[in-house]
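Subject: Structure for your review

Dear colleague,

Please find below the structure that I am handing over to you. My findings follow it.

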Amino acid sequence: MPVPTEVARITAQSVSKLTPIESSKRAAAYIAVDRHVKPEHKIIGIGSGSTVPYVVERIVQQGAELNKGRIFIPSGFQSKELIVSNKLNLGDVDLYPTIDVTIDGADEVDNELNCIKGGGACHLREKCIAEAAKTFILVADYRKNVEFLGTNFTPGVPVEVVPFAYAKVLQNLQHVLGSPTATLRMAKAKAGPVVTDNGNFVIDAPFSRDVFRDPFTIMARIKMLTGVVEVGLFCRMAICSYFGNEDGSVSVKEQVGPVEDHRIEMSHIPASELDI
Ligand SMILES: O=C[C@H](O)[C@H](O)[C@H](O)COP(=O)(O)O
């Protein structure tokens, strides 16, 4: 099928400014905001990761008038900075425990809209603002769109643990729950482990394809381990996930009964808005 002229033009302009991966993230973020962040939405959750800046960019484009009446709830340091630097109103989930819509990134999303999150160690707060939201939406590039978790994202399930319990939880994961190569996540530019925004450690626990066929069960088993604060498996929490593709289109997985996967083109967004 020939590519519509408008789509081809937008893709060419985008690529001149952004890499194809960045363009695909932006396409997913823009469509998610256009479809789910409506004028009547006043409390908005902002997740973490490399696609989320484009979410905020698109929300800012909705205009100062609309945004002055809104409160934005961050999932951690990165999103808090994004909210503040874009002069949006900052709130927190303790003051606003009901959120209209939360949009967040993901490390991987399967065909039932289960996802791995926490590659950036933000999954505790992310799960809170996802659970608080009436609508939870995922955005990512095509590399995160998989049939089964653990396909491209191989470090495993991020598990946030209180520091004094990390060795015990590590043993539980390795010897009881079937993740023999589970490891404590170490910092890159600091001696010692990664410390989360909540002062905890993170263990990365890979599991086999068989285990990932039923993510809810392994999530529940990990969560039952004493010392675990939160597990980076979000099981069927999102109602919709948008994946930007290399060709400028966006694939959508939606939870309307069985999860459906269909592609949409970016032609509804004027080229002038993409070329900013
Ligand atoms: O802890 C981090 C979050 O769960 C991110 O949303 C996730 O890791 C995806 O991040 P990125 O888009 O940077 O790959």
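An open sheet is formed by 4 strands in the order β8-β9-β7-β10, with antiparallel pairing. Strands here are DSSP runs (E, at least two residues) and helices are DSSP runs (H or I, at least four residues), numbered from the N terminus; two strands pair if DSSP finds at least two bridges between them. At the edges are β8 (183-184) and β10 (228-231), each of which pairs on one side only.

The model is a predicted one, in which local features need pLDDT of at least 70 and side-chain atom pairs count only at pLDDT 80 or more, while totals for chains, interfaces and linings use all residues. Residues are numbered from 1 along each chain as its sequence is written, and side-chain values use heavy atoms, with hydrogens and water left out.

Within the sheet, β7 (residues 157-161) and β9 (residues 201-205) run antiparallel and are joined by 5 bridges. In this pairing, V157 stands opposite A205 of β9.

Helix α6 (residues 123-131) packs on the sheet and touches β7 and β10, where contact means heavy atoms within 4.5 Å. The direction of α6 makes about 65° with that of β10; axes are lines fitted to C-alpha atoms, for helices over the stretch in contact, and angles run from 0 to 180 degrees between N-to-C directions. Helix α9 (residues 215-223) also packs on the sheet, touching β7 and β10, and its direction makes about 165° with that of β10.

A residue in another helix also deserves mention: S24 is found in α2 (residues 20-36). Among the residues that S24 touches, not counting those up to four places away in sequence, are D141 and N245.

Yours sincerely
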